[in-house]
Amino acid sequence: MILNAASLIEALRAHPYGQLYYAVALAAWTFCCLPTTPLEIAAGFTWHLPHAIAYSALGKTIGSVAAFALSRLVLLPNFTIAERLPRQGALAASLSHLTGAIARRPLWTVTLIRAAPAPIFLQNYG
């Protein structure tokens, strides 16, 4: 059986748990740092906009939290970029300000980082 995008979208639309499957697939997609825009656009055409937004937010949040957890639990003890960066200069000052902002207002800072036009791998694993 050959599965193309149109038949996959129709299968998800017809299945009672199609939106949940979409959220899980988007979480895995986000975890792998792949571009999510095509999947989110397809969700908008597949379901009503409020449902597409809710399940896209759910999938992206789960994938981002999983990536963050991986970076904190596995990568941080073995590799810290702060040890390899210069202690002076513009980059060091920026990282110092960012670290202070995260300590003072973590939710607000992380929200702004997520909204920044930066590659997804920097947002998730940075």
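From the N terminus on, the elements of the protein chain follow the order α-α-α-α-α-α-α, so that the fold, as given by this predicted model, comprises 7 helices and 0 strands. Of the 126 residues in the protein chain, 19% count as buried, and the chain exposes about 9100 Å², of which carbon and sulfur atoms supply 73%. Among the contacts with a separation of 6 or more, 62% are made by residues 24 or more positions apart.

**The nonpolar core and its surroundings**

The largest nonpolar core has 6 residues in all, namely L12, Y22, L26, A43, W47 and A52.

Y55, a residue of helix α4, touches Q19, L20, Y22, A23 and L26 when residues up to four places away in sequence are not counted. Between Y55 and Y22 there are 7.4 Å in space, C-alpha to C-alpha, although the two are 33 residues apart in sequence.

**The nonpolar surface patch**

On the surface, Y17, L20, Y21, V24, L58 and I62 form a nonpolar patch, and together these residues have about 590 Å² of accessible area. The elements that give two or more residues to this patch are α2 (18-31) and α4 (49-78), with α2 giving the most, at 3 residues. Y17, also a member of the patch, lies in the loop between α1 (5-14) and α2.

**The salt bridge**

The structure holds 1 salt bridge, in which the side chains of K60 and E40 meet at 3.5 Å, N to O. This pair links distant parts of the chain, since K60 belongs to helix α4 and E40 to helix α3 (residues 37-46), 20 residues apart.

How exposed are K60, E40 and Y55 by relative accessibility? The table gives the value for each residue.

| Residue | Relative accessibility | Class |
|---|---|---|
| K60 | 25% | partly exposed |
| E40 | 23% | partly exposed |
| Y55 | 25% | partly exposed |

K60 counts as partly exposed because its relative accessibility is 25%, and E40 falls into the partly exposed class because its value is 23%; the class runs from the 20% limit for buried residues to the 50% limit for exposed ones.

Notes: Residues numbered from 1 in each chain as written. Predicted model: local features only at pLDDT ≥ 70, side-chain atom pairs only at ≥ 80, totals over all residues. Heavy atoms only, no water. Core = buried A, V, L, I, M, F, W, Y, C linked by side-chain atoms within 4.5 Å. Buried < 20%, exposed > 50% of the residue type's maximum accessible area, 1.4 Å probe, protein only. Patch = residues over 30% accessible without salt bridge, like charges linked within 9 Å, V, L, I, M, F, W, Y side chains within 5 Å. Areas by Shrake-Rupley, 256 points an atom, 1.4 Å probe, with all protein chains shown as cover. Salt bridge = Lys/Arg side-chain N within 4 Å of Asp/Glu carboxyl O. Helix = DSSP H or I, 4+ residues; strand = E, 2+ residues; numbered from the N terminus. Contact = heavy atoms within 4.5 Å.
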